[in-house]
Amino acid sequence: RIIASIRRTIEQAGGEFVFGARATGLRVREDRVEGVLLGDTLVEGAAVVLAAGHSARDIYEMLDRCGVELEAKAFAMGVRVEHPQRLIDAAQYHMPERGEDLPAASYSLVEQVGGRGVYSFCMCPGGFIVPAMTGGGESVVNGMSPSGRNSVFANSGIVTEIRLSDFEHLRAEHGELAGLRFQQQFEELAYRQIGDRQIAPAQRLADFVAGKASGSLPRCSYVPGIAATRMEQWMPGTISDALRGGLASFDKKLRGFVTNEALVVGVESRTSSPVRIPRDPATLMHPQTAGLFPAGEGAGYAGGIISAAIDGERCADRAADYLAGKP
């Protein structure tokens, strides 16, 4: 109902939705945007709010081809960790059973390992692990919770920071899209461990921390299925070492966190955009392309649903000012 209501409001204000279309380019003349290309069709517009998601790789590549300035930025990657919800409940509520009056327990954990941050991300109590790849030959997972938080599983991304220096070796070939390529390589590496559609590589959590093979795997909420691998062996060392150190520390903060009843599932790589589209802090407009307003997570200015919505509202206001000739 919410989405339908938003759509009606936009249409009542004169907006139009174009389904079954793909943005393939920007029309830019004398450093000023003139519209968006949908294939060979030009949708004219003196102001364009670019509100792509942080996984819209084709948009970044299209902007790069159009000569729009981009910036590589730091981001984070890691794994998704899943526990039986009862273990998180017991650790947080300090009782064997939480009962019917308490919600499924969650957690928020952070640690520094060798000067590199490791933290929980998008924790989903009573939730499921879901596929999140956007192309073939990639293994990417994410998490979600239904409104009832009634799954018997709890999962969270456990990620570590990826610095500009981590993908500096890719800058010569890929320029400001080097972080995007580094992210893609990690996902392709995970896929090659299994090489079977959406099945995800996995390992028991305590085995991952200890560097041991898992002879079997417990039940998992990830419907496409999982297969056992030595994840600490094929991950880049900067990622696996930080994650293993962080997870060991988390066990001291949340007793029983490191257990072989829990799973590490790969990989959690879409935490935020590895690319930022620059914009003026006052006008929110691209500094070299007048009329282009990068917005939200895909532009590198938000980190979730609410912050992206707020940023989009700000960009809409500045775009209206621009069209009205206001400074």
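Predicted model: local features only at pLDDT ≥ 70, side-chain atom pairs only at ≥ 80, totals over all residues.

Q: Which strands make up the open sheet, and in what order?
A: It has 7 strands, in the order E7-E8-E11-E6-E14-E12-E13. The pairing is mixed.

Q: And which are the edge strands?
A: E7 (110-113) and E13. Each of them pairs on one side only.

Q: How much are neighbouring strands turned against each other?
A: By 30 degrees on average, ignoring direction.

Q: Start at E7. How does it pair with E8?
A: E7 and E8 (residues 116-124) are antiparallel, with 4 bridges. In that pairing, Glu-111 sits opposite Val-118 of E8.

Q: Now the other end. In what sense do E12 and E13 pair?
A: Parallel, over 3 bridges. E13 covers residues 226-228. Its Ala-227 stands opposite Pro-201.

Q: How many bridges join E12 to E14?
A: 3 bridges, and here the strands run antiparallel. E14 spans residues 263-268. Leu-263 in E14 is the bridge partner of Arg-204.

Q: Why is E12 largely enclosed?
A: Because 5 of its 5 residues, 200-204, are buried. Both faces are covered. Ala-200, Ala-202 and Arg-204 are buried on one side, Pro-201 and Gln-203 on the other.

Q: Which strands does helix H5 lie across?
A: H5 (residues 178-194) lies across E6, E11, E12, E13 and E14. Its angle to E6 is about 35 degrees.

Q: Which residues of H8 are buried?
A: Ile-239, Ser-240, Ala-242, Leu-243, Gly-246, Leu-247, Ser-249, Phe-250 and Asp-251.

Q: Cysteines next. How many disulfides are there?
A: The count is 0.

Q: Is Cys-122 buried or partly exposed? And what about Cys-124, buried or exposed?
A: Cys-122 is partly exposed, because its relative accessible area is 37%. Cys-124 counts as buried, at 4% relative accessibility. The cut-off for buried is under 20%.

Notes: Residues numbered from 1 in each chain as written. Heavy atoms only, no water. Buried < 20%, exposed > 50% of the residue type's maximum accessible area, 1.4 Å probe, protein only. Helix = DSSP H or I, 4+ residues; strand = E, 2+ residues; numbered from the N terminus. Pairing = 2+ DSSP bridges. Axes fitted to C-alpha atoms, helices over the stretch in contact; angles between N-to-C directions. Contact = heavy atoms within 4.5 Å. Disulfide = S-S within 2.5 Å.
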